[in-house]
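Me: I have a structure open and want to go through it with you. Can we start with how the elements are defined, then work through the details?

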Amino acid sequence: AWSDGIARVKANFQLLVVLGGIFFFLPSVLLFVAMPDAMGAMMSPDMNTANMEQVMAGLGAGFFAIYLLIILASFIGQTAMIALMGDPRRIAVGEAIGTGVKVLLPLFAILVMFLIGYVVVGLLAGLLFGLLVAGAGALSTGLAAAVTTVLIVTLILAMLWVLTRFSMTLPVLALEGSLNPIGALGRSWRMTRPVQWRLLFFYVLLFIAYIVIALVAFM
C-alpha cells in the first residue's frame, strides 16, 4: 500500500504541489494575513488551555467564517488530489477540481453528521464515565484513577477504529461517482471490514511519523 501510494504521488507530484498550494497553503496564509495577532497567539509556545479559551472567546464571526471557507477549500483540494491520482481515466486538473466541487455538499453533510454524532456520543460517554469513576472513587482513589485511564484509552481506540472504518468515504465520493453521504459511509464501512485492523495499524504508523516530522519542522 505504501509503495503504491508513493508511486502515485511521484507520478503526479507537480500537479499535487499546485493543488496543495491553491487549496491548503494559500488559505492558511490568508488566515494569518487576515488575523495575524490571533493566529500568532494561538501558535505561541506559551499557549495553554486558559489562554486558548481567552483567544477563542475574543474572535469574531469573521474568523469562523474564514475558517469554514478554509475547511471547504481543503475538502475540494483533498478530493481533487484523490481523483487525480486514483481515477484510471487520467483526468485533467480542472476535472479533478470539478469533482472536488461536486462532492462538496455531501462532504459537508457528512461533517455535520460527524459533529452531531460526536456531541451525542460525548454526552453519553461523559455520563457513563462519570458514573463509573464516581463508583470506583467511592471504593478507592487509586481504583478511580485506574478506571479513568482505562476508559480514556478505550475511548481513543474506539474513535480511531470508527475513523478507520469510515476512512474510505472520501475516495468513494471522489472515484465512484456517489453523491449520497449515507451511501458513501456505508460503502466505506463495508470496504474496510476485511482489513480493518491492518488499516488501523497502518494509520497509527503514519500518524506517528507525521507527529515526528511536524515536531522537527516546528522546532
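Reply: Helices here are DSSP runs of H or I with at least four residues, strands are runs of E with at least two, and both are numbered from the N terminus. Note also that this is a predicted model.

Me: OK. How do the elements run from the N terminus on?

Reply: The protein chain reads α-α-α-α-α-α-α-α-α-α-α. That is 11 helices and zero strands.

Me: What share of the residues is buried?

Reply: Of the 219 residues in the chain, 26% count as buried. The accessible surface is about 14,200 Å², and carbon and sulfur atoms hold 76% of that.

Me: And how much of the contact count comes from residues 24 or more positions apart?

Reply: They make up 64% of the chain's contacts that have a separation of 6 or more.

Me: Now the core. Which residues of the largest nonpolar core touch the most other members?

Reply: Leu-19, Ala-96, Leu-107 and Leu-173, out of 24 residues in that core. At least two core residues each come from helix H2 (13-34), H5, helix H7 (104-139), helix H9 (169-175) and helix H10 (181-192).

Me: Which helix gives the largest share of this core?

Reply: H5, with nine residues.

Me: Take Leu-107. What is Leu-107 in contact with, leaving aside neighbours within four places in sequence?

Reply: Phe-75, Thr-79, Leu-170 and Leu-173. Of these, Leu-173 is also listed among the core residues that touch the most other members.

Me: Phe-75 came up there. Which residue is 52 places from Phe-75 in sequence but 8.5 Å away in space?

Reply: Phe-23, with the distance taken C-alpha to C-alpha. Phe-23 is in helix H2.

Me: Is Phe-23 buried or exposed?

Reply: Phe-23 is buried, because its relative accessibility is 12% and the cut-off for buried is under 20%. Outside four places in sequence, Phe-23 contacts Ala-73, Ser-74, Ile-76, Gly-77 and Ile-97.

Me: Switching to packing. At what angle do H8 and H11 pack?

Reply: About 110°, with the axes of helix H8 (residues 141-165) and helix H11 (residues 196-218) 10 Å apart. H8 is therefore roughly perpendicular to H11, because angles of 65 to 115 degrees fall in that class.

Me: Which residues make that contact?

Reply: From H8, Leu-160, Trp-161, Thr-164 and Arg-165; from H11, Gln-196, Trp-197, Leu-199, Leu-200 and Tyr-203. By class, the H8 contact with H11 has six nonpolar, two polar and one charged residues.

Me: What about H6 and H7, how do their axes cross?

Reply: At roughly 45°, coming within 5 Å. H6 is therefore oblique to H7. Gly-100, Val-101 and Lys-102 of H6 meet Leu-104, Leu-105 and Pro-106 of H7. The classes for H6 with H7 are four nonpolar, one polar and one charged.

Me: Last topic, backbone. What is the phi of Arg-90?

Reply: About 55°, a positive value, although Arg-90 is not a glycine. Most residues other than glycine have a negative phi.

Me: Where does Arg-90 lie?

Reply: In the loop between helix H5 (61-86) and helix H6 (93-102). Arg-90 counts as exposed because its relative accessible area is 55%, and the cut-off is over 50%.

Key:
Residues are numbered from 1 along each chain as its sequence is written. This is a predicted model: local features need pLDDT of at least 70, side-chain atom pairs count only at pLDDT 80 or more; totals for chains, interfaces and linings use all residues. Side-chain values use heavy atoms; hydrogens and water are left out. Axes are lines fitted to C-alpha atoms, for helices over the stretch in contact, and angles run from 0 to 180 degrees between N-to-C directions. Angles under 35 degrees count as roughly parallel, over 145 as roughly antiparallel, 65 to 115 as roughly perpendicular and the rest as oblique. Contact means heavy atoms within 4.5 Å. Ala, Val, Leu, Ile, Met, Phe, Trp, Tyr, Cys and Pro count as nonpolar, Asp, Glu, Lys and Arg as charged, and the others, Gly among them, as polar. Buried means under 20% relative accessible area, exposed over 50%, partly exposed in between (1.4 Å probe, protein chains only). A nonpolar core is a set of buried Ala, Val, Leu, Ile, Met, Phe, Trp, Tyr and Cys residues joined through side-chain atoms within 4.5 Å. Accessible areas come from the Shrake-Rupley method with a 1.4 Å probe; for residues, only the protein chains shown count as cover.
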